[in-house]
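Colleague: Hi! Could you walk me through this one?
Modeller: Happy to, here it is.
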Amino acid sequence: MTNPNERTDPRVLRTRQFLKEALIELMEEMSIEKITVNRLAQRAQINRVTFYLHYRDIPDMLEKMADDMAEEVLEVVREDTDFMEAAQQEKWPMLEHLLVHIAENAKFYKIVLTSRKSTIFTDRLFKLMADIISARVESRVTAHDASEVTVQKDIAVWYGSAALIGTIIAWLREDMPYTPQYLAKQITSLRAN
């Protein structure tokens with residue numbers, strides 16, 4: 001595990017960004033199985049050996065990119081609001097922050113979340129949303145008499161996570177016809193009904 005106070009060399013960050021951008025471009029053009037380290041290094045305009053200084057192989061790169069995505073999403077939903085408080089309430093600012101972040105990085109999210117061949121990003125986002133929704137369901141169970149709760153917690157979490165991620169993926173596939181703010185309000189309205 002890395003020390004959070006330790007700064008990463010800007011050249012390392014820049015190279016990883018070049019590789020990420022090159023991978024996204026290649027994923028737009030071809031399936032993930034056809035992407036080779038040689039092709040990726042060439043697109044990123046780096047030496048193949050440089051790739052191996054950062055990643056073991058393309059699946060390792062995807063895994064690390066998924067980890068980075070999860071960390072970024074967590075930072076975004078915690079921004080400007082108390083994470084657990086927002087998760088426990090019917091408020092939509094946390095969802096709005098998430099949707100704004102996705103819209104600002106639409107090219108990346110559209111490629112990685114809609115890819116049928118590489119589900120690592122969707123799976124990671126599903127787990128993250130399940131954790132957030134689970135906290136919300138827990139707070140409802142605590143706030144209400146347990147006998148009033150009629151839906152099993154795991155079923156509520158599965159449903160809420162799948163519905164939210166499915167909506168985000170459809171929104172991306174349709175080139176985001178609604179603003180993040182409007183979509184967040186609509187999703188929140190659906191949950192309240």
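Modeller: One term before we start: a residue counts as exposed when its relative accessible area is over 50%, and as buried when that is under 20%. Also, this is a predicted model.
Colleague: Good. How many salt bridges does a search of the whole structure find?
Modeller: The search finds 10. In one of them, Arg-56 pairs with Asp-60, with 3.5 Å between the closest N and O atoms.
Colleague: And is Arg-56 buried or exposed?
Modeller: Arg-56 is exposed, because its relative accessibility is 63%.
Colleague: Which residue does Arg-124 bridge to?
Modeller: To Asp-67, with the closest N and O atoms 2.2 Å apart. Arg-124 sits in helix α8 and Asp-67 in helix α4, so this pair ties together parts that are 57 residues apart in sequence.
Colleague: Nice. What about Lys-110?
Modeller: Lys-110 forms a salt bridge with Asp-175, at 2.5 Å between the closest N and O atoms. Lys-110 belongs to helix α7 and Asp-175 to the loop between α9 and α10, so the parts they tie together are 65 residues apart in sequence.
Colleague: Switching topic: which residues make the nonpolar surface patch?
Modeller: Phe-126, Val-151, Ile-155 and Trp-158, covering about 390 Å². Val-151 is in the loop between α8 and α9.
Colleague: Last one: what does UniProt list for residues 36-55?
Modeller: The unreviewed entry lists them as "DNA-binding region". In the model, that stretch is 75% helix and 0% strand, and its end C-alpha atoms are 13 Å apart.

Definitions and conventions:
Residues numbered from 1 in each chain as written. Predicted model: local features only at pLDDT ≥ 70, side-chain atom pairs only at ≥ 80, totals over all residues. Heavy atoms only, no water. UniProt positions renumbered as here; feature names shortened; annotations may be inferred. Helix = DSSP H or I, 4+ residues; strand = E, 2+ residues; numbered from the N terminus. Patch = residues over 30% accessible without salt bridge, like charges linked within 9 Å, V, L, I, M, F, W, Y side chains within 5 Å. Areas by Shrake-Rupley, 256 points an atom, 1.4 Å probe, with all protein chains shown as cover. Salt bridge = Lys/Arg side-chain N within 4 Å of Asp/Glu carboxyl O. Buried < 20%, exposed > 50% of the residue type's maximum accessible area, 1.4 Å probe, protein only.
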